[in-house]
Amino acid sequence: MIQYDGETMRFHLQGRGSSYVLQIVNGCLLHLYWGRRLQAARGSSPIVFTPRSFAPYHDPARRGFSLSTLPLEYPVYGNGDFRHPAYQVRLRDGSTITDLQYCSHQIYWGKKKLPGLPATYVQDDQEAETLEITLRDPVSGLAAILSYTVFRDYDAIARSVLFLNESEAPMDLLRALSVCLDFRDDRFDSLTFYGGHTYERNINRRPLAPGKWIVDSVRGASSPQHDPFFALVRPETTEDQGEAYGFSLVYSGNFSAEMEVDSYHTVRASLGINPFDFSWRLDPGESFQTPEAVLVYSGRGLGGMSRTYHDLYRSRLSRGTFRDQIRPILMNSWEAMYFKVDEEKILKLAQEAATLGIELFVLDDGWFGRRDNDRSSLGDWTVDRRKLPHGLAWLSARIHRMGLKFGLWFEPEMVSPDSELYRKHPDWCLHVPGRPRSLSRYQLVLDLSREDVREELVRSVAGVLSGAEIDYVKWDMNRHMTEIGSARLPPERQRETAHRYMLGLYAILEKLTGRFPNILFENCSSGGGRFDPGMLYYMPQTWASDNTDAISRLSIQYGTSLVYPPITTGAHVSSVPNHQVRRVTPLSTRGLVAMSGNFGYELDLGRLSDAEKLEIRRQITFYKEIRPLIQFGAFYRIVNPFEEGDAAWCFVSPDQKQAIGFYFRVMADPSHALRVFRFKGLDPKLFYENIVTGDVFGGDELMSSGLNVPDEKGDFKSYVWRFRKKEG
Ligand code: DGJ
């Protein structure tokens with residue numbers, strides 16, 4: 001998978017369908033090619049060393065060798081390249097110029113863990129090959145090891161960088177991106193996400209233009225505003241055809257994604273921790289590990305790129321007991337009770353849930369401290385006996401006796417000023433001495449860079465988890481960071497706080513998920529506000545949005561699927577009029593939208609009519625039949641709600657013997673065109689039988705000619721087709 005030609009000093013990283021080629025020239029690491037798989041990389045289009053005006057050089061005899069024009073693999077600052085660099089270091093003398101030169105490399109089977117950070121992994125060394133290239137600055141003693149892993153079964157490359165201070169003096173990393181590379185042309189559109197609370201992961205596609213295009217977060221979380229992901233796609237690339245280059249960062253904090261088009265029509269693409277307000281002191285002998293970036297090339301359009309991310313993230317990023325286990329259908333109490341938690345009502349709701357076939361009851365916010373609204377008690381993780389007089393152990397036992405599992409909500413990273421914890425430890429939150437502490441949702445952020453804070457957090461959460469029979473945790477986080485500073489760090493390390501917070505959070509999650517391997521953790525940040533690969537490493541599912549309206553969810557779930565597998569995407573049926581947008585949609589449509597992800601309910605089951613209960617019972621039976629297909633099947637997007645209003649997609653089992661297709665017809669209009677649903681991903685040579693009607697069609701016909709979408713009047717209609725291979 002990784003070849004090295006010692007004569008030309010060329011590396012060829014070969015994936016299943018892609019090749020990535022680098023070359024060392026004059027000690028400098030140049031980027032040669034990334035794209036469709038090559039049988040061999042012999043250098044048919046070598047780099048041209050053209051002398052250009054204003055281009056600085058070291059060697060007058062080789063004026064064409066200028067860092068300002070070469071396609072670089074991990075660009076340095078200060079020696080002639082005027083584009084943005086991949087890293088920057090401030091040395092003891094105040095200078096910020098270094099030059100990383102090739103020293104050595106090694107290629108080995110397997111993939112090392114990234115200390116303290118989430119990352120893709122292998123279960124067996126034969127699953128991947130890794131190239132490590134060691135670079136050194138001859139003057140300062142700075143070294144960097146660039147790491148590239150190529151997977152046998154997934155067409156992706158994982159890149160990260162380890163910085164080392166091999167000098168006798170401290171130095172400060174001012175910038176340390178995980179990936180940077182130069183494309184030789186700029187004929188690309190960029191694809192990024194934008195959004196906010198209740199409208200996460202909208203897709204923004206636009207042509208690259210000269211200059212820089214940056215998408216980032218300075219919020220202390222990957223955020224609902226943007227996502228640590230971008231793709232560069234050819235202007236002609238569609239869902240199913242053309243080239244797409246994906247960049248995804250396995251990180252949950254401040255990030256920066258930068259695309260820069262220079263005057264020679266090249267593109268520099270990079271991704272990593274946001275350098276804004278970041279620095280990291282490296283004392284002699286210390287090292288700094290960047291997060292991992294996962295690069296995916298697809299020659300089969302955006303769909304091909306997404307399916308690679310889905311396969312890799314589902315199988316070799318997500319971990320633990322639940323990775324390959326069928327996920328329970330849950331009932332969450334939030335929209336049914338909000339803060340009005342009441343033992344009797346919980347038992348009634350749970351009984352209804354059990355009768356309908358739901359498998360897990362989740363008690364959301366409001367069960368602890370004196371949490372009657374969002375103004376108090378975060379940090380005080382003790383049960384509120386006013387609301388739950390018999391306590392959690394009793395409640396969970398009662399719920400288990402109904403045949404349900406029991407889950408609980410926490411927001412452990414936060415503290416309310418009105419809490420016992422804050423009164424005892426006012427310096428435990430992020431703050432800058434002498435400055436007011438900005439509130440958001442009436443709460444402050446605990447300083448997870450501190451070990452004492454982490455220890456207390458683990459102690460208090462673990463205490464609750466071991467004090468009752470708890471099968472599931474919803475781990476929420478509902479504000480962003482302000483006054484980022486730590487009472488424990490010296491002045492020169494204050495700018496490390498946000499990243500140290502993330503390392504602290506990851507350490508906590510590693511501890512708790514390791515200690516409670518049979519608890520299913522669901523990630524949440526006011527919905528999908530921290531839906532990123534970093535969190536997926538610890539928690540195999542994420543509540544995708546606080547917007548539970550089925551029509552809003554079409555775009556949210558469609559956008560999310562660009563990178564994240566549908567089974568990682570929590571999706572619930574809620575009541576109508578919907579609590580966020582007041583829209584009234586049919587229960588059938590709410591059901592099919594939610595079934596396209598990690599399925600659950602979030603409504604007051606006690607208020608439903610018998611007819612609605614019957615329909616819900618049918619939905620649950622149906623989802624139980626299809627969920628292996630939703631969890632392990634390949635996902636194909638068919639109709640894009642951002643462009644067409646309607647939405648459609650399908651799931652196909654890995655052996656292509658089963659498929660399910662969904663069509664959502666959003667608005668009725670009087671003179672509409674008749675719609676056709678065309679499957680994707682079937683075997684064209686097989687025959688498939690409609691499970692309901694018994695009709696049999698070839699896979700080719702279902703994909704090319706398709707099926708008529710029923711022509712009904714009314715808004716918010718939805719349709720589903722299930723097919724299985726016709727045997728014999
Ligand atoms: C935000 C979450 O996204 C909601 O689902 C709910 O858990 C609330 N927090 C509770 O405060």
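Biologist: With which side chain does the side chain of Asp546 make a polar contact?

Modeller: Keep in mind that this is a predicted model. The partner is Trp543, and the polar contact between the two side chains is 3.1 Å.

Biologist: Where is the place of Asp546?

Modeller: Look for the elements on either side. Asp546 sits in the loop between strand S28 (541–543) and helix H9 (550–560).

Biologist: Is Asp546 buried, exposed or partly exposed?

Modeller: Read the relative accessibility. Buried means under 20%, and exposed means over 50%. Asp546 has 23%, so it counts as partly exposed.

Biologist: Which residues is Asp546 in contact with, leaving aside neighbours within four places in sequence?

Modeller: The list is His197, Thr198, Glu200, Glu335, Ser526, Gly527 and Gln580.

Biologist: Which residues does UniProt list for "active site"?

Modeller: The unreviewed UniProt entry lists Asp476 and Asp546. They are spread over 71 residues of sequence, yet they cluster in space, with a largest C-alpha distance of 11.6 Å.

Biologist: What does Asp476 touch, not counting residues up to four places away in sequence?

Modeller: Asp476 touches Trp409, Phe410, Glu411, Pro412, Glu413, Cys524, Ser525 and Ser526.

Biologist: Now the ligand. How many residues surround it, and which are the closest?

Modeller: Start with the shell. It has 13 residues, and the closest are Asp364, Asp365, Lys474, Asp476 and Asp546.

Biologist: How much of the ligand's accessible area does the protein cover?

Modeller: Compare the ligand on its own with the ligand in place. On its own it has 290 Å² of accessible area, and the protein covers 98% of that.

Biologist: Back to H9. How many of its residues are buried?

Modeller: Count along the helix. Eleven of the eleven residues are buried, so H9 is largely enclosed by the rest of the structure. Among them are Ala550, Arg553, Gln557 and Thr560.

Biologist: And S28? Is Thr542 buried or exposed?

Modeller: Thr542 lies in strand S28. Its relative accessibility is 0%, so Thr542 counts as buried. The Thr542 side chain makes a polar contact of 3.2 Å with the side chain of Asn523. Thr542 also touches residues including Phe531, Leu536 and Thr568.

Biologist: Let us turn to the backbone. Which residues does a cis peptide bond join?

Modeller: Check the omega angle. The cis bond joins Val576 and Pro577, with omega about -10 degrees. Pro577 lies in the loop between strand S29 (569–574) and helix H10 (587–595).

Biologist: What is phi of Arg582?

Modeller: Look for positive phi outside glycine. Phi of Arg582 is near 65 degrees. Arg582 is also in the loop between S29 and H10. Its relative accessibility is 55%, so Arg582 counts as exposed. Gln656 has a positive phi too, about 60 degrees, although it is not a glycine. Gln656 lies in the loop between strand S32 (647–652) and strand S33 (658–665).

Biologist: Last one. Where does UniProt place its domain feature?

Modeller: The unreviewed entry places "domain: Glycosyl hydrolase family 36 C-terminal" at residues 647–723. That span is 8% helix and 42% strand, and its end C-alpha atoms lie 20 Å apart.

Terms used. Residues numbered from 1 in each chain as written. Predicted model: local features only at pLDDT ≥ 70, side-chain atom pairs only at ≥ 80, totals over all residues. Heavy atoms only, no water. Near = heavy atom within 4 Å. Areas by Shrake-Rupley, 256 points an atom, 1.4 Å probe, with all protein chains shown as cover. UniProt positions renumbered as here; feature names shortened; annotations may be inferred. Contact = heavy atoms within 4.5 Å. Helix = DSSP H or I, 4+ residues; strand = E, 2+ residues; numbered from the N terminus. Buried < 20%, exposed > 50% of the residue type's maximum accessible area, 1.4 Å probe, protein only. Polar contact = N/O pair within 3.5 Å; in protein donor to acceptor, adjacent residues only side chain to side chain.
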